[in-house]
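Let's take a walk through this fold together, one neighbourhood at a time. Have the model open and follow along.

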Amino acid sequence: MDPLEFPPPFVVQHNVPLADFTHIRIGGPADYLSIIRDQNIFIEIYRFCRDRDLPFLILGDGTNVFFSEKGYRGLVAVIQFDQLNVVAKNAVVAEAGATLDQIRELCIEKGLTGFEFASGIPGTIGGAIYGNAGAYGSNVGEILTRAKILTLEGEIKFVDKSVFKFAYRHSDLKVNPAFILQAELQLAKGDPAAIKRQCDEIIRIRTHKLPPSETATAGSWFKNIKDEHGNATAAAKYLDAVGSKQTNVGDAAVHIKHANIFYNKGRATATDMLKLQEILQQRVYEKFGIRLEREVIYIQ
Ligand SMILES: Cc1cc2nc3c(=O)[nH]c(=O)nc-3n(C[C@H](O)[C@H](O)[C@H](O)COP(=O)(O)OP(=O)(O)OC[C@H]3O[C@@H](n4cnc5c(N)ncnc54)[C@H](O)[C@@H]3O)c2cc1C
């Protein structure tokens, strides 16, 4: 089949290795890939693909995904529109490609508290809403009030947070897909110096606990376990007990600093990662009767 022609203003590359767009550096080629810095162009390119029945995937910073060796037969849109504004009543309006780092910096500058928990979590606000990213007992779903979305039908809508049905590392976007264009986050007035101190402290703890930032990883591989009372136990506890750090499949390995962080030592494939996952899931199940569930998103 002849490659699809994308007229200006679309800028589309062909046959692009997705490993280059994932933090864990795993994935075969995308037929088409476009880096998008303008919200309107994103909307238009989605409608263009939809009219031609071309499969379409949205990607932020690629910190929570890995792709199969086959890659992606369609267009991958890498979101980099990232305008940030503080609006009335201490709310921040962030375009989907704004990173959590950018938002944290703005909060420090403007003296807004409530976002400290996200210090050091990599990725964009769009990706964070999709997976309800969080740490230290808080998550993005708690501070989101409204979002501007593009529906699969190509319509723009403003929706209330209830639409997302947030739960632990879950939003309804995983079930009923739509694209986040921008998000409104409700924060409160605080002291900039105290906010900065808390952010710095969280980053210090994370730096100590997690692999160095250049490690090819997608963060925690498995979700933590919640009992019927909602109390969480770190998946790392079970994984440590079954020797995860001493286990690897080729270049797919578990980092010495954290029993639940899988990483790519160089040439790992999705197949290697999934085999490592299965081995550890099986061991944890045999020893504790617990079925670990993957948090990282696999796109095939
Ligand atoms: C070292 C490291 C540490 C991490 N620590 C944490 C942590 O403490 N807590 C935590 O929760 N996570 C953590 N993560 C995971 C990751 O940082 C978060 O999940 C992050 O929010 C993902 O954002 P992203 O832009 O990279 O999303 P991507 O990986 O690009 O995408 C993730 C999913 O979101 C979808 N998506 C992306 N943008 C949009 C959009 N605009 N609209 C709709 N869907 C979209 C994608 O299609 C994909 O399915 C960590 C990851 C790493 C590598």
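Helices here are DSSP runs of H or I with at least four residues, strands are runs of E with at least two, and both are numbered from the N terminus. Bear in mind that this is a predicted model, in which local features need pLDDT of at least 70, side-chain atom pairs count only at pLDDT 80 or more, and totals for chains, interfaces and linings use all residues. Residues are numbered from 1 along each chain as its sequence is written.

Start at Ile129, which is found in helix α3. Ile129 is buried, because it has 26 other C-beta atoms within 10 Å. Call two residues in contact if their C-beta atoms, placed from the backbone, lie within 7 Å. Leaving aside neighbours within four places in sequence, Ile129 then touches Val140, Leu144, Ala147, Phe164, Ser171, Ile180 and Ala183. Its C-alpha atom is also separated by 6.8 Å from that of Gly141, 12 residues apart along the chain.

Ala147 leads us on to the strands, which pair if DSSP finds at least two bridges between them. Ala147 stands opposite Ala183 in β13, and strand β11 (residues 144-150) pairs with β13 in the antiparallel sense over 6 bridges. β11 also pairs with strand β12 (residues 156-160), again in the antiparallel sense, over 5 bridges, with Ile149 opposite Lys157 in β12. β11 and β12 form a hairpin with 5 residues between them, and Gly154 in the turn has a positive phi of about 90°.

A residue counts as near it if its C-beta atom, placed from the backbone, lies within 6 Å. The ligand is surrounded by 32 residues, and the closest are Gly60, Gly123, Gly126, Gly127 and Gly219. Elements giving two or more residues to this shell are β3 (56-59), α3 (125-131), β9 (134-135), β13 (179-186) and β15 (217-220). The largest share, 5 residues, comes from α3.

Finally, look at helix α2 (residues 100-110) and helix α5 (residues 192-209), which pack at an angle of about 150° with their axes 7 Å apart. Axes are lines fitted to C-alpha atoms, for helices over the stretch in contact, and angles run from 0 to 180 degrees between N-to-C directions. The contact is made by Arg104, Cys107 and Ile108 of α2 and Pro192, Ile195, Lys196 and Cys199 of α5.

Methods
Buried ≥ 20, exposed ≤ 12 C-beta atoms within 10 Å, placed from the backbone.
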